[in-house]
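The sequence and the model come first.

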Amino acid sequence: MKRVRQFFSRYRSGLQRVGAVLLALAVWQGLAMGVGQQLLVPSPLSVVERLGGIWQEADFWGTVWFTFRKIVAGFLLGLGFGLGLGALAGRFPLFEILFRPWATMIKSIPVASFIIICLIWMSSSRLSIFISFLMVLPIVYTNVLQSIRSADRQLLEAVSIFRLSWPKRALYLWLPQLKPYLLSACTVSLGISWKAGIAAEIIGIPAGSIGRMFYDAKVYFNTVDLFAWTVIVVVISVLFEKGFLAFLKGVFGRLETL
């Protein structure tokens, strides 16, 4: 009995997560049985069976790679520009004032409106890059700006008094200050970039994309495929988020040891 308690105590967090997943699957199965129509709510088993075969199709990996590289490119562009613009806004208050209407506009306008407008300007194959970029930019920008504003004023004065060089200021002052804000921004924006990017592909319907698979599933009332592709997107999104955040934490960890 003592060993059982120790086991549950050690792996409590993991067991709770597994339990939550099993509960969600049970609710899904109950809903599918209650509705009784695969067209409306397919059962988890039917979706799992479809997942077992969908990855063997000839164009599966090409489709996944097409969407993956587009959305990741948009995310990285938004991250880079958000860092740069946030640093400029923190350093120069006038720039923050001038950029504020644009940041507010990007955050306020619905994603669907951006997608439709951008379809006039660019091809559908590039749409998911730009939409992901737009969704990530204001999140990273706001967090970087907030990290600069919340810096300890006494510590800033001490840095000025001792006349530390800019590389040392960045390493010992700004990077530790930025770390929690940037990790938070990436955690939020990674999920949003995938949602927005897939939505852009569903509306733009570029050939060879996951969004095209969603669109085809809707047109042909193939709900099992719709659920299967949804699971695939969730898995890819979560794996990329975990991997990127681990990479980012590793970079900060190495810099802190310098």
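Contact here means heavy atoms within 4.5 Å. By that rule, and leaving aside neighbours within four places in sequence, G90 is in contact with L145 and I148. The model is a predicted one.

## Overall make-up

The chain has 258 residues, and buried residues make up 36% of them. Its secondary structure comes to 11 helices and zero strands, giving the pattern α-α-α-α-α-α-α-α-α-α-α when read along the sequence. Of the contacts with a separation of 6 or more, 73% are between residues 24 or more positions apart.

## Helix pairs around α7

Two packed helices are described by the angle between their axes and the distance between the axes.

| Pair | Angle between axes | Axis distance | Handedness of crossing |
|---|---|---|---|
| α4 and α7 | about 30 degrees | 6 Å | right-handed |
| α5 and α7 | roughly 140 degrees | within 9 Å | left-handed |
| α6 and α7 | about 140 degrees | 10 Å | right-handed |

The axes of α4 and α7 are 6 Å apart and meet at an angle of about 30 degrees. Angles under 35 degrees count as roughly parallel, so α4 is roughly parallel to α7. By class, the contact of α4 with α7 has 20 nonpolar, eight polar and one charged residues.

Helix α5 covers residues 93-108 and helix α7 covers residues 124-149; their axes cross at roughly 140 degrees. That angle makes α5 oblique to α7. The crossing of α5 and α7 is left-handed. On the α5 side the contact is made by E96, F99, A103, I106 and K107, and on the α7 side by L134, L137, P138, Y141, T142, L145 and R149. These residues divide into eight nonpolar, one polar and three charged.

Helix α6, residues 111-121, packs on α7 at an angle of about 140 degrees with the axes 10 Å apart. This makes α6 oblique to α7. The crossing of α6 and α7 is right-handed. V111, F114, I115, C118 and L119 of α6 meet S124, L127, F130, I131, L134 and M135 of α7. The classes in this contact are 10 nonpolar, one polar and no charged residues.

L134 of α7 takes part in the contact with α5 and also in the contact with α6.

## Nonpolar cores

In soluble globular proteins, nonpolar side chains tend to be buried together. Which residues touch the most other members of the largest nonpolar core? They are F75, L182, C186, W229 and F244, in a core of 32 residues. The elements that give two or more residues to this core are α4 (60-91), α7, α9 (166-204), α10 (210-219) and α11 (223-256). With nine residues, α11 gives the most.

Not counting residues up to four places away in sequence, C186 touches F75, L79, F244, L245 and L248. A second, separate core has 18 residues, including L85, A103, F133 and L137.

## Individual residues

Apart from neighbours within four places in sequence, S237 is in contact with G191 and W194.

G253 is also found in helix α11. With a relative accessible area of 26%, G253 is partly exposed. G253 and P176 are 77 residues apart in sequence, and their C-alpha atoms are 10.0 Å apart in space.

G90 lies in helix α4. G90 counts as partly exposed because its relative accessibility is 30%. Along the chain, G90 and S147 are 57 residues apart, and 8.8 Å separates their C-alpha atoms.

Methods. Residues are numbered from 1 along each chain as its sequence is written. This is a predicted model: local features need pLDDT of at least 70, side-chain atom pairs count only at pLDDT 80 or more; totals for chains, interfaces and linings use all residues. Side-chain values use heavy atoms; hydrogens and water are left out. Axes are lines fitted to C-alpha atoms, for helices over the stretch in contact, and angles run from 0 to 180 degrees between N-to-C directions. Helices (H or I, at least four residues) and strands (E, at least two) are DSSP runs, numbered from the N terminus. Angles under 35 degrees count as roughly parallel, over 145 as roughly antiparallel, 65 to 115 as roughly perpendicular and the rest as oblique. A crossing is left-handed if the near helix is turned anticlockwise from the far one by less than a right angle, and right-handed if clockwise. Ala, Val, Leu, Ile, Met, Phe, Trp, Tyr, Cys and Pro count as nonpolar, Asp, Glu, Lys and Arg as charged, and the others, Gly among them, as polar. A nonpolar core is a set of buried Ala, Val, Leu, Ile, Met, Phe, Trp, Tyr and Cys residues joined through side-chain atoms within 4.5 Å. Buried means under 20% relative accessible area, exposed over 50%, partly exposed in between (1.4 Å probe, protein chains only).
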